[in-house]
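Visitor: I am new to reading protein models. Could you walk me through this one?

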Amino acid sequence: MHQFQICPVLIVAMICLTLCHSVMMETLPLCIGIQGMQESQGSPGKVGQKEAKEDSGAPFDMSRVLALEKQLAALQQSLTFYTNVLQFLGSICKDGNKTFITAGKTANFSSAKSECSLAGYQLSAPKTEAENMVMQRIVKKYDKDAWLAISDEKMEGTFVYLDDKPISYSNWNPGEPNGEHQAEDCVVMQTTGKWNDSICTEKGLVICET
Ligand code: CA
């Protein structure tokens, strides 16, 4: 009688175990998958890469930094020295961000444009009174009229920059531009800092700007 009371309990327990096992078997792979994904997200590979990256750098070497700083200071000193030499010689003049440079050579307008372009610069065109004054220092130093990157070759009487935009600043001599003989399509700065339209095939001082 006692055995008959226990049996139903065992049967119920077995059914429960069977059902639980089925549920666990269905759920377990999903959990493993999630765990796997979670593990792959925080994968040892990534951690390993990070560690490898941290380890790959050379150890911090203060003496090397100090040596590089010393070299940089020496280079800056040299650069200042040579810039001062060029300024002293009148080959280079600065105004704010613009620098005017010359090698003292003369050329016609077309060649002047090419020479500046080949050097990585462009023919000068002062666009403010301050820039005009700075460029004038070089012109006075070399005592030669210097080409400006301005002409009216495309439309007589309309002076434009090399990119065809109308000029935004000018410092013409009184009576200029006079377009004498309708052949003066280019512009030079004279030692006075004033401008004159001149014949493009004549020679003028080449001053580039950067
Ligand atoms: Ca003229």
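Guide: Start with a turn. E1 and E2 make a hairpin with two residues between them. Gly-96, in that turn, has a positive phi of about 60°. Strands (E, at least two residues) and helices (H or I, at least four) are DSSP runs, numbered from the N terminus. This is a predicted model: local features need pLDDT of at least 70, side-chain atom pairs count only at pLDDT 80 or more, and totals for chains, interfaces and linings use all residues. Residues are numbered from 1 along each chain as its sequence is written.

Visitor: In which sense do E1 and E2 pair?

Guide: Two strands pair if DSSP finds at least two bridges between them. E1 (residues 92-95) and E2 (residues 98-107) are antiparallel, with four bridges. Ile-92 has Ile-101 in E2 as its bridge partner. E2 also runs antiparallel to E8 (residues 204-209), joined by five bridges. There, Thr-106 is partnered by Leu-205.

Visitor: How many residues does the largest nonpolar core have?

Guide: In soluble globular proteins, nonpolar side chains tend to be buried together. A core here is a set of buried Ala, Val, Leu, Ile, Met, Phe, Trp, Tyr and Cys residues joined through C-beta atoms within 7 Å. Buried means 20 or more other C-beta atoms within 10 Å of the residue's own, with C-beta atoms placed from the backbone. The largest core has 26 residues. Met-135 and Trp-147 are among those with the most contacts inside it. E4 (146-151) gives the most, five residues.

Visitor: Where is pLDDT under 50?

Guide: pLDDT is the predictor's confidence in each residue, from 0 to 100. It stays under 50 over residues 1-7, among other places. Where pLDDT is low, the predicted coordinates should not be read in detail.

Key
A residue is buried if 20 or more other C-beta atoms lie within 10 Å of its own, exposed if 12 or fewer, and partly exposed in between; C-beta atoms are placed from the backbone. Two residues are in contact if their C-beta atoms, placed from the backbone, lie within 7 Å.
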